[in-house]
Amino acid sequence: MTTPFWCLLIVLVMPYVLAGLGGALRVKQLGSLDNNHPRVQAQELRGIAARAYAAQQNAWEAVSFFGTAVVINHLAGGAPGTSATLAMVYVAARLGHAAAYLADQPILRTIVFLVSLVCGVWLIVLGINA
């Protein structure tokens with residue numbers, strides 16, 4: 001399996017990790033986890049619990065973008081070394097994004113989001129130009 005595929009696996013697992021953390025924070029803040037209406041309950045969250053939920057939602061959104069970029073690059077035969085580097089930087093930026101979200105650092109969160117966006121677009125362009 002190529003490095004970008006391993007990176008995709010990490011990106012796919014991230015929302016689940018954030019869901020686990022968010023669930024624990026939800027129980028700590030609200031006293032229970034409403035599995036029948038979790039999105040309704042999520043509207044009651046504040047502070048780090050709300051940010052964990054938002055980070056999880058954003059991580060889900062990142063899966064489709066990065067997955068598409070990796071597949072396009074792979075199918076088109078993008079340069080393996082550059083593809084691997086871009087994928088690893090993307091993962092590092094996404095981990096930084098989640099950490100910045102949890103730490104309530106919006107400027108840092110925006111910066112690492114932009115880094116991940118550039119890496120994903122670059123993967124696609126690398127594939128297009130292969």
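Predicted model: local features only at pLDDT ≥ 70, side-chain atom pairs only at ≥ 80, totals over all residues.
How are the helices α3 and α4 directed relative to each other, roughly parallel or roughly antiparallel? Along the principal axes, the C-alpha atoms fill a box of roughly 55 × 30 × 20 Å. Of the 130 residues in the protein, 37% are buried. When contacts between residues at least 6 apart in sequence are considered, 71% of them join residues at least 24 apart.

For α3 and α4, the axes come within 9 Å and cross at roughly 170°. Because an angle over 145 degrees counts as roughly antiparallel, α3 and α4 are roughly antiparallel to each other. On the α3 side, the residues that meet α4 include I48, R51, A52, N58, F65, F66 and N73, while the α4 side contributes S83, A87, Y90, R94, H97, Y101 and L102. Sorted by class, the residues of this contact divide into 12 nonpolar, 4 polar and 2 charged.

Helix α3 covers residues 47-76 and helix α5 covers residues 106-128, and their axes come within 7 Å and cross at roughly 25°. Since angles under 35 degrees count as roughly parallel, α3 and α5 are roughly parallel to each other. The crossing in which α3 passes α5 is left-handed. In this contact α3 supplies F65, F66, A69, V70, I72, N73 and A76, and α5 supplies S116, L117, G120, V121, L123, I124, L126 and G127. By class, the contact of α3 with α5 has 11 nonpolar and 4 polar residues, and no charged residues.

Not counting residues up to four places away in sequence, N73 touches G78, S83, L123, L126 and G127.

H74 also lies in helix α3, but with a relative accessibility of 40% H74 counts as partly exposed. Leaving aside the neighbours within four places in sequence, H74 is in contact with T2 and F5. H74 and L126 are 52 residues apart in sequence, yet their C-alpha atoms are 9.7 Å apart in space.

In helix α4 we find L86, which is buried, with a relative accessible area of 5%. Beyond the neighbours within four places in sequence, L86 is in contact with C119, W122, L123 and L126. L86 and G120, although 34 residues apart in sequence, are 7.6 Å apart in space from C-alpha to C-alpha.

The stretch between α4, which spans residues 80-102, and α5 is a loop, and D104 lies in it. Most residues other than glycine have a negative phi. D104, however, has a positive phi of about 60° although it is not a glycine. At 45% relative accessibility, D104 counts as partly exposed.

Finally, what does a search of the whole structure find in the way of disulfides? A disulfide is a covalent bond between the sulfur atoms of two cysteines. The search finds 0 disulfides. For C7, the closest cysteine sulfur is in C119, and because that sulfur is 10 Å away, it is too far for a bond. C119 is likewise in no disulfide, its nearest cysteine sulfur being that of C7. C7 is buried, with a relative accessible area of 5%, and C119 is buried as well, with a relative accessible area of 5%.

Notes:
Residues numbered from 1 in each chain as written. Heavy atoms only, no water. Axes fitted to C-alpha atoms, helices over the stretch in contact; angles between N-to-C directions. Helix = DSSP H or I, 4+ residues; strand = E, 2+ residues; numbered from the N terminus. Parallel < 35°, antiparallel > 145°, perpendicular 65-115°, else oblique. Left-handed = near helix turned anticlockwise from the far one by under 90°. Contact = heavy atoms within 4.5 Å. Nonpolar A, V, L, I, M, F, W, Y, C, P; charged D, E, K, R; others polar. Buried < 20%, exposed > 50% of the residue type's maximum accessible area, 1.4 Å probe, protein only. Disulfide = S-S within 2.5 Å.
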